[in-house]
Amino acid sequence: VKNYGLSNWGNIVFYQIIINYLIWIIDWSFNQYSTKFISINSGNKSELIKIFNETKSAQFILLIISILLSILILSILGEPKLIFLFSLILFGSFLQSFWFLNGLEKIYETALIQLFNKSLLAVMILFFIDNQSSIYLYFLFFGVSSLFTGFICQLRITYKYNNILEIKNISKGIKTIVKSSKLFYSTILGSFINSSIPILISILIGKPALGIYNIADRIKGISVQLTHPISHSLFPRMAKEYSKNKRSGNKLLKLILFILLFITSLSFIFINIFIIDIVKYFSNENILLISSILRILLFSFLINVIEEVMVNHYLMPNGMYNSINKLKISILLTSLISCLPLILSFGLKGAAYANLFSELIGLIYILFIYNKTKNIDYKIQSF
């Protein structure tokens, strides 16, 4: 951010939003849908091979669609130089079958591979990007790290777990896409939620303002990710637990929620105490404004953790996909309705308030759903 400046960084954020949408298409809902069934069938080798092959066939179809969409979008935006770089990123994402490793509860393997990805990208950025660099160099590094990570992940799955990448049944891949589509809709809705406010900021105030908001939002995002290692590692276990006994699943859910809220509260206090120093690490400009936006977003951070726990560890394992979609729609609509007047009235702080208000609405809804369904018996699900 310091090298590119807020204006160029806002431009990078805009194209990152596009690539994130395309990656979400490839990921579809398999990080939840396929992971859940890998966990439930972890002792059945033939079923694991079937789930892996059908999921990868589905992802290959989605990869082709994503590359074609990137060609169309970048041609319209007048950035054909990004097409090859986007294709590198997308192919690397296709090879990253973390949903398989997570389903087997090999979270440490996923973590190590992702650590390699982040480290490689960080090293290239720190050593080779300066204030003369173009945005194309950033996306080149993004593509290289994505591709290398994908190869490492796939080699691990092939040689340790004997699951060879084969695209041999397109029709079953299409069926898998259809069967998991409800969860994909929730993923897309989630991506709309994440990008709706940044897009409105870009339109109403401009890309420099988007760069300012994005720094605060990224710090909040990093804070949310502090709980991800625990939350993501427990998702397959919760899927298996609920498939056995609803009451024991609810008991474990409450324990997970308590632990993650405790960690989240400590993070909330720490960031508020050292907020100026933290913001200075990310930017030399508009430090007080970024800090004030971040203070508002940190309350959203607390709510985000509760919502993620309830979605990933209750709604998802119990196959309540319609409820997940209704939750996402309520947050998105509240965000869109409140964002415009709040931005026009309070600027970037208004955008942060809109984010907080929409998350509060989502929290009320999800607690209502839990209270209504917590004593209903688990329904058996099949891939």
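**Helix packing and a kinked helix**

Helices α3 and α4 run roughly antiparallel to each other, a label that goes with angles over 145 degrees, just as under 35 counts as roughly parallel, 65 to 115 as roughly perpendicular and the rest as oblique. The model is a predicted one, in which local features need pLDDT of at least 70 and side-chain atom pairs count only at pLDDT 80 or more, while totals for chains, interfaces and linings use all residues. Residues are numbered from 1 along each chain as its sequence is written, and side-chain values use heavy atoms, with hydrogens and water left out. Helices here are DSSP runs (H or I, at least four residues), numbered from the N terminus.

The axes of α3 (residues 45–76) and α4 (residues 82–95) come within 10 Å and cross at roughly 165°; axes are lines fitted to C-alpha atoms over the stretch in contact, and angles run from 0 to 180 degrees between N-to-C directions. On the α3 side, the residues in contact (heavy atoms within 4.5 Å) include Phe60, Leu63, Ile67 and Ile71, and on the α4 side they include Phe86, Leu90 and Phe94. By class, this contact of α3 with α4 has twelve nonpolar, five polar and one charged residue. Nonpolar covers Ala, Val, Leu, Ile, Met, Phe, Trp, Tyr, Cys and Pro; charged covers Asp, Glu, Lys and Arg; the others, Gly among them, are polar.

Helices α1 (residues 5–27) and α7 (residues 135–161) pack at about 40°, their axes 10 Å apart, and are therefore oblique to each other. Their crossing is again right-handed. From α1, Trp9, Ile12 and Tyr15 are among the residues that meet α7, where the partners are Ile135, Tyr138, Phe139 and Phe142. Eight nonpolar and three polar residues make up the contact of α1 with α7, with no charged ones.

Turning to α10 (residues 207–225) and α14 (residues 287–315), the axes come within 8 Å and cross at roughly 35°. Here the contact has 13 nonpolar, three polar and three charged residues.

Helix α15 (residues 321–346) has a kink of about 35° at Cys339, shortly before the proline Pro341; the bend is the angle between axes fitted to the seven residues ending there and the seven starting there. After α15 comes Gly347, with a positive phi near 70°.

Technical notes. Helix = DSSP H or I, 4+ residues; strand = E, 2+ residues; numbered from the N terminus. Left-handed = near helix turned anticlockwise from the far one by under 90°.
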